[in-house]
Amino acid sequence: MVATALALGVTVAVLAAMTVLGVAHSHTRMLSVEDYISARNSADSGTTAATLIASGMGAWILFSPAEAGAGFGGLAAVGGYAIGSAVPLFLFISVGVRLREYLPQGHSLTEYVYGRYGPWMYGYALLIAVFYMFISLAAGMTAAADALAFVADVPAWLTASIIGGFVLVYTGYGGLVASIFTDTVQTLVILPLLTLSFAAVVVGLGGTGAIHQAIVSANPHLLDLGFVPGLAFGGYVVIAITGASVFNQGRWQRVFAAADDTSLRRGFAIAAVVTVPMILLAGLLGVAAAGLGLMGDAGPSVALFVAVAAALPEWATLGVVVLVVLLVTSTADTLFNGIASIVTADLSRVLEDPDERTLQYAARALTVVVALAAIAIGARGYSVLELFLLADLLGAATFVPFLHGLYSGRANERGALLASVAGLLVGLAYFPTFHGTLTALPTVGSLLPGGSFIHSFAGAAGVSALISVLSARLTDGRFDLDSLAAEVHSLDDAAGPVTDGGRPTNDGTEAQGVER
């Protein structure tokens with residue numbers, strides 16, 4: 001185990017460096033509220049790829065893929081995890097270009113859904129987005145606390161407070177501009193450090209040949225790509241991550257931050273390609289830990305750290321500390337800014353003629369509130385897995401109706417809401433976490449099927465997609481997607497409204513947005 005004081009010293013040094021870089025970079029620019037929450041058209045393809053990799057590759061990469069390999073189905077589960085993480089990035093290539101076409105001055109997913117569907121769907125989407133991002137943030141803080149406690153016996157409250165405090169300084173000061181810049185720097189450090197760490201662990205465990213032979217002898221199913229439980233895990237992870245990613249405001253911000261459509265396409269594609277091998281490498285260490293019998297009494301969530309402890313000397317685990325800190329900060333600053341940007345964009349619609357200073361203060365104040373709440377949860381060391389899965393289920397049941405409105409003028413608010421709620425009910429009926437409680441309900445409980453994550457997520461996505469498409473086919477109204485551009489304005493224009501939610505009227509004609 002690394003000395004606690006040494007681990008804390010390294011942690012503070014890394015965070016201080018990121019903070020200085022973020023503040024210094026932001027200080028060179030006169031930040032408007034637009035810069036603070038959108039950094040519009042400022043990132044070339046390389047920067048876009050780097051910020052997506054860093055913001056998406058949080059501390060979970062040291063926990064979840066390895067846990068999938070060690071406890072949920074070996075190589076098949078890890079492969080599903082890798083594919084599931086890449087699919088949303090490829091999806092956003094099409095979605096992102098379309099968003100930029102119809103919302104050239106856009107900032108948040110809530111602007112789109114309010115303008116496209118209306119207040120009820122807006123409220124539903126806002127709930128999912130904020131819930132998902134907050135849980136992701138709390139999970140990141142918890143992961144960092146768990147990792148440093150395992151490696152160096154650092155108290156959870158101290159880890160969460162230090163990381164949250166430093167990230168809050170540069171994110172609160174520089175907003176998305178600081179986040180994108182520090183993401184780029186973090187990516188340049190994270191990728192080689194991850195690669196070297198994984199290679200060192202493999203060598204320390206005896207090399208690929210010895211590891212493969214030991215796993216084949218002890219647990220051959222871990223290497224079976226056709227292992228059914230692993231395939232099932234991979235299947236629902238693809239749906240879960242895709243659905244949840246659509247409601248990650250950080251992705252939407254980076255769509256609008258890309259310099260142009262070409263930068264967006266290349267940046268998201270590069271990020272998707274780079275993400276796959278990183279997750280595979282992390283997951284394979286979990287497979288190795290389980291196959292070599294290293295787990296002992298440890299749970300599968302710390303499989304990677306078990307492998308690291310078995311393969312590397314204590315001083316080398318400092319590299320893991322640096323990785324954890326960088327991975328958590330890269331996602332925390334994105335989520336701090338993402339949650340604040342949603343609410344800030346909405347304030348310009350709710351408040352009457354807010355000036356730019358009011359919006360800037362609101363964005364910074366909301367960042368502080370979110371940071372403090374996430375630090376408090378991370379310091380408690382709660383398990384957020386069940387909440388994470390519920391957030392994923394909400395996304396899985398809603399993302400098809402949500403995105404359908406970008407591609408079909410016939411999609412409507414009533415149909416989208418019905419599809420989302422129906423998909424969620426189907427998903428909950430199979431959801432293992434709540435299955436015992438639901439089956440205990442009188443009358444209804446005895447009718448429910450058995451608990452299954454693959455049936456839960458596939459059912460939620462499939463039912464919502466079917467109802468969304470059918471409801472659109474049955475309506476005569478058509479929404480003019482080109483009208484969205486007129487309903488979303490720059491936040492630097494204090495007099496400009498954000499959205500008004502023009503929607504088809506009952507007689508099928510288009511209701512025009514009214515500036516107010």
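What is the mean pLDDT of the protein, and what share of its residues reach 70 or more? I looked this up first. The model is predicted. Its mean pLDDT is 81, and 85% of the residues reach 70 or more.

**Confidence by element.** I then went through the elements. Helix α20, residues 453-473, has the highest mean pLDDT, at 93. Helix α15, residues 356-380, has the lowest, at 68. I also noted residues 494-516, where pLDDT stays under 50. For that stretch the model has 65 contacts beyond four places in sequence.

**Core.** Next I checked the nonpolar cores. The largest has 138 residues. Within this core, M57, L62, Y112, V324 and F402 touch the most other members. Helix α7, residues 119-152, gives the largest share of this core, with 16 residues. There is also a second, separate core of five residues. Among its members are A39, L176, V177 and I180.

V324 is itself listed with L62 among the residues that touch the most other core members.

**Y124.** I moved to helix α7, where Y124 lies. Is Y124 buried or exposed? Its relative accessible area is 16%. The cut-off for buried is under 20%, so Y124 counts as buried. I listed its contacts, leaving aside neighbours within four places in sequence. They are L394, T398, L417, S420, V421 and L424. I also took the C-alpha to C-alpha distance from Y124 to T110, which is 9.7 Å. These two residues are 14 apart in sequence.

**Helix α4.** Just after α4, G73 takes a positive phi of about 135°.

**Helix α5.** Where does α5 bend? I found the bend at I93, and its angle is about 35°.

Definitions and conventions: Residues are numbered from 1 along each chain as its sequence is written. This is a predicted model: local features need pLDDT of at least 70, side-chain atom pairs count only at pLDDT 80 or more; totals for chains, interfaces and linings use all residues. Side-chain values use heavy atoms; hydrogens and water are left out. A nonpolar core is a set of buried Ala, Val, Leu, Ile, Met, Phe, Trp, Tyr and Cys residues joined through side-chain atoms within 4.5 Å. Buried means under 20% relative accessible area, exposed over 50%, partly exposed in between (1.4 Å probe, protein chains only). Helices (H or I, at least four residues) and strands (E, at least two) are DSSP runs, numbered from the N terminus. Contact means heavy atoms within 4.5 Å. pLDDT is the predictor's confidence in each residue, from 0 to 100. The bend at a residue is the angle between axes fitted to the seven residues ending there and the seven starting there.
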